[in-house]
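Here is a friendly note to read alongside the structure. Keep the picture open and follow the numbered points one by one.

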Amino acid sequence: MKWEEYIEQSARTDTAASREEAWDNYSLGLFGEVGEVTEIIKKHLYHGAALDLHRLQEEFGDVCWYLAALARRQGVSVRG
């Protein structure tokens, strides 16, 4: 699937009432999800935890959703 297709398909679960609500909510959501990715990697690198690839994949999916929602709501083309 191409990124632009993902952006379109992810709109099915976009429930923000307005562009402004989406900007605030989805920006904060994106930062939170990136933080979760960072935490998984940090625990692996510095605390001896096994790299949880399943959880990492889930968090990457969340990061992609928020990025797609923000791009779509702002009318920005994201090329990948």
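1. Let's begin in the middle of things. The largest nonpolar core has 12 residues: A16, A22, Y26, L30, V37, I40, L56, V63, W65, Y66, A69 and L70. A nonpolar core here is a set of buried Ala, Val, Leu, Ile, Met, Phe, Trp, Tyr and Cys residues joined through side-chain atoms within 4.5 Å. Buried means under 20% relative accessible area, exposed over 50%, and partly exposed in between (1.4 Å probe, protein chains only). Two or more core residues come from each of α2 (19–47) and α3 (53–74), and α3 gives the most, with 6 residues. In soluble globular proteins, nonpolar side chains tend to be buried together.

2. A word on what you are looking at. This is a predicted model, in which local features need pLDDT of at least 70 and side-chain atom pairs count only at pLDDT 80 or more, while totals for chains, interfaces and linings use all residues. Residues are numbered from 1 along each chain as its sequence is written, and side-chain values use heavy atoms, with hydrogens and water left out.

3. Now the overall plan. The chain has 3 helices and 0 strands, following the pattern α-α-α along the sequence. Helices (H or I, at least four residues) and strands (E, at least two) are DSSP runs, numbered from the N terminus. Of the 80 residues in the chain, 26% are buried. The C-alpha atoms fill a box of roughly 40 × 25 × 20 Å, taken along the principal axes.

4. Take a closer look at Y26, a member of the core. Which residues does Y26 contact, leaving aside its neighbours within four places in sequence? They are D14, T15, A16, E21, W65, Y66, A69 and L70. Contact means heavy atoms within 4.5 Å. Across the chain, residues 24 or more positions apart account for 71% of the contacts with a separation of 6 or more.

5. Next, find S10 in helix α1 (residues 3–10). S10 counts as buried because its relative accessibility is 5%. Its side chain reaches the backbone oxygen of I7 at 2.9 Å. Leaving aside neighbours within four places in sequence, S10 is in contact with W65, A68 and R72.

6. Is A50 buried or exposed? A50 is exposed, because its relative accessible area is 69%. The C-alpha atoms of A50 and I40, 10 residues apart along the chain, are separated by 9.2 Å.

Notes
Polar contact = N/O pair within 3.5 Å; in protein donor to acceptor, adjacent residues only side chain to side chain.
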